[in-house]
Amino acid sequence: MAASRRFLIIHNPTAGRRRRKRLDAVLARLAEAGCTVDLAPTGKRGDAEEFAAAAGAVDAVVAAGGDGTINEVANGLMRRQAQGLPPIPLGIVPLGTANVLAAEIGLADNADAVARALTGGVARPIFPGLANGRYFLCMAGAGLDAFVVQDVDLRLKWLLGKPAYAFQTIKRLLQPQERCYEVTVDGAPSQAAQIILAKGRYYAGTFVIAGAARITEPTLHACLFRHSGRWHALRYIAAVLLGFTRHLPDITVLPASQVTINGHIAHPVQGDGDIVTRLPADFTVASSGLPVLFPT
Ligand SMILES: Nc1ncnc2c1ncn2[C@@H]1O[C@H](COP(=O)(O)OP(=O)(O)OP(=O)(O)O)[C@@H](O)[C@H]1O
């Protein structure tokens with residue numbers, strides 16, 4: 001693609017805190033580079049997916065928001081592809097709290113780098129996961145993390161950013177703890193209190209649980225946190241934060257192509273940091289890739 005690319009930029013004005021300046025700086029650089037931009041602000045949840053699914057002749061559809069908005073745009077683009085339309089690359093302007101996909105593709109946290117990735121980046125396929133038919137790019141999960149995502153106070157998240165999730169985690173741990181889920185990984189049944197299906201290597205920022213997972217490969221990694229109860233939950237959180245999950249024998253990480261979670265009907269399932277479905281849930285990997293603009 002030449003420098004004078006044409007973009008549809010789908011912007012979630014409610015994403016992140018005080019991030020509008022970042023988008024304006026990127027837009028200014030794209031204008032300097034001679035690019036044509038159609039800016040489509042979302043008005044509600046779901047708009048980003050519809051705008052992406054209806055995209056016309058552009059060089060890339062760009063998601064400007066957090067991982068939740070990127071997830072919606074990716075779902076819209078995958079829907080177009082499933083209808084037999086030619087693939088359109090996904091670009092990103094990270095404006096969220098954690099920005100996990102930006103970390104996965106090695107995108108630096110400044111407007112110059114973001115604009116450069118859009119004007120000169122190379123489209124490489126990534127393979128999204130599927131949770132009950134809905135695509136996720138980085139990770140999905142059931143258990144404590146999905147409840148925290150579901151119940152986090154959005155005003156607190158707006159005010160504090162990541163600490164709002166820590167606060168909600170503590171609140172959840174003070175409640176009675178749930179028993180384990182039934183989980184089947186490529187036909188092998190077991191039990192776990194928290195399950196994370198990793199598509200990429202990063203979790204909730206740049207914490208690493210499945211170090212071998214790659215968004216560019218058509219494989220899931222099932223991370224099973226085996227024991228239920230408050231004490232074990234605290235051990236697991238410490239292991240994730242301090243990076244020693246691989247040293248705990250009751251955390252198992254398995255490459256997988258098909259995972260099912262049962263038990264606790266209607267418990268939430270998070271995908272890329274938003275609730276995307278409820279239990280029971282089947283998880284697989286998309287058979288066709290989604291092109292994404294990687295920085296060069
Ligand atoms: N205009 C809008 N009004 C309300 N919600 C929206 C709007 N546009 C998108 N959304 C929804 O807001 C949710 C959160 O968006 P997003 O992830 O982009 O931002 P964030 O929550 O600030 O970032 P992060 O996920 O990194 O914390 C998503 O589920 C998205 O669908």
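Two strands count as paired if DSSP finds at least two bridges between them. Helices (H or I, at least four residues) and strands (E, at least two) are DSSP runs, numbered from the N terminus. By these rules, alanine 142 has valine 269 in S17 as its bridge partner.

This is a predicted model: local features need pLDDT of at least 70, side-chain atom pairs count only at pLDDT 80 or more, and totals for chains, interfaces and linings use all residues. Residues are numbered from 1 along each chain as its sequence is written.

**Confidence**

- The chain has an average pLDDT (the predictor's confidence in each residue, from 0 to 100) of 95.
- At least 70 is the score of 98% of the residues.
- For the complex, the predictor gives an ipTM of 0.96 and a pTM of 0.95.

- Domain 1 puts 14 residues into the contact, and domain 2 puts in 19. Contact requires C-beta atoms, placed from the backbone, within 7 Å.
- On the side of domain 1 that touches domain 2, H3 and helix H4 (100-105) each supply at least two residues.
- H3 gives the largest share of that side, seven residues.
- By class, that side of domain 1 holds seven nonpolar, four polar and three charged residues. Ala, Val, Leu, Ile, Met, Phe, Trp, Tyr, Cys and Pro count as nonpolar, Asp, Glu, Lys and Arg as charged, and the others, Gly among them, as polar.

**Ligand shell**

- The ligand is surrounded by 22 residues. A residue qualifies if its C-beta atom, placed from the backbone, lies within 6 Å of the molecule.
- The closest are Gly66, Gly68, Thr69, Gly96 and Thr97.
- Helix H2 (47-53) and helix H3 (67-82) are the elements that give two or more residues to the shell.
- H3 provides the largest share, four residues.
- The shell has 12 polar, six charged and four nonpolar residues.

**Sheet from S7 to S10**

- Six strands make an open antiparallel sheet in the order S7-S6-S19-S16-S9-S10.
- Strand S7 (134-136) and strand S10 (188-192) are the edges, and each pairs on one side only.
- The twist from one strand to the next averages 25°. Axes are lines fitted to C-alpha atoms, for helices over the stretch in contact, and angles run from 0 to 180 degrees between N-to-C directions.
- Strand S6 (residues 129-131) runs antiparallel to S7 and is joined to it by three bridges.
- Leucine 130 has tyrosine 135 in S7 as its bridge partner.

- Strand S8 (residues 139-142) and strand S17 (residues 268-271) run antiparallel, joined by three bridges.

**Backbone points to check**

- Most residues other than glycine have a negative phi, and most peptide bonds are trans.
- Leucine 279 and proline 280 are joined by a cis peptide bond, with omega about 0°.
- Proline 280 sits in the loop between S18 and strand S19 (281-285).
- Asparagine 99 has a positive phi, near 50°.
- Asparagine 99 falls in the loop between strand S4 (90-94) and H4.

Methods. Contact = placed C-beta atoms within 7 Å.
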